[in-house]
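Here are some notes on the ligand site and the pocket around it. Please read them with the structure open.

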Amino acid sequence: MRPRGAVLADPVLDRMLHSQDEIAERVAELGAAISEDYRGQEVALVTVLRGGLIFLADLCRRVDVPVTLDFMAISSYAGGGGAVRITKDLDDPIEGRHVLVVEDIVDTGLTLHYLLKMLRQRRPATLEVCTLLDKDARRIADLPLRYRGFACPDRFVVGYGLDLGGRFRNLPFIATLKDEVMG
Ligand code: IMP
């Protein structure tokens, strides 16, 4: 398996940031921490499509308290300062439940800020966030990230659910893009 830092064959990819093994190890640690913190309770794992799907699929199998899975899809308003519109809502109510939002990456934090505000209005018992990547150099909204997989450099990254124009979500590792691709 290619190690962290390996140069990748695809012409738009730069280097491997997190290998498949490294991700699996970190996801197991996050799953263990979540299981510990929610012992004796049931957790509603809520994920934003589509990027969070791969992380959720691995994470939920590393959590050993009862979980339910539910999905939302959102789209940003152009020039909306991060305001989002729900294009697919959760199927189940979350009132009185322990909700953990599972995110692939938090960048400026604006999307998550709006999402949390919407979810809070539904009066869950608790509302926390687990993100795989935390790109905190660009953070605008101050957010409580209870669980975080890796700190992410201020680069565009793809793989393990993260895309560039719909591509690369299926890479089993996370890679940076070459600077010239992003302009
Ligand atoms: P935020 O509102 O700036 O935090 O943006 C969050 C969303 O932007 C994420 O859910 C991703 O869809 C997307 N995003 C931010 N950075 C990256 C990246 O490096 N690669 C892929 N998508 C990204």
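1. The shell around the ligand is made up of 6 nonpolar, 3 polar and 6 charged residues. Keep in mind that this is a predicted model. Among the 15 residues of the shell, those that come nearest to the ligand are Asp107, Thr108, Gly109, Thr111 and Val157.

2. In Thr111, a side-chain N or O atom is 2.4 Å from an oxygen atom of the ligand. In Lys135, a polar side-chain atom is 2.9 Å from a ligand oxygen atom.

3. Val157 takes part through its backbone: one of its backbone N or O atoms lies 2.6 Å from a nitrogen atom of the ligand. The ligand on its own has 500 Å² of accessible area, and the protein covers 78% of that.

4. The ligand takes up the space of the largest pocket. The largest share comes from β5, with 4 residues.

5. The volume of the largest pocket is about 690 Å³. Its lining has 26 residues, of which Glu103, Asp104, Ile105, Thr111 and Leu162 are closest to the pocket centre.

6. At least two lining residues come from each of β2 (43-49), β3 (67-76), β5 and α3. In the lining, too, β5 gives the largest share, 4 residues. By class, the lining has 11 nonpolar, 7 polar and 8 charged residues.

Note on methods. Residues numbered from 1 in each chain as written. Predicted model: local features only at pLDDT ≥ 70, side-chain atom pairs only at ≥ 80, totals over all residues. Heavy atoms only, no water. Near = heavy atom within 4 Å. Polar contact = N/O pair within 3.5 Å; in protein donor to acceptor, adjacent residues only side chain to side chain. Areas by Shrake-Rupley, 256 points an atom, 1.4 Å probe, with all protein chains shown as cover. 1 Å grid on protein atoms, 1.4 Å probe; cavity = no way out; pocket = protein on both sides within 12 Å on 5 of 7 lines; lining within 4 Å. Sits in = over half its atoms within 2 Å of the grid points. Nonpolar A, V, L, I, M, F, W, Y, C, P; charged D, E, K, R; others polar. Points joined across faces, edges and corners; volume = space filled by probe spheres on them.
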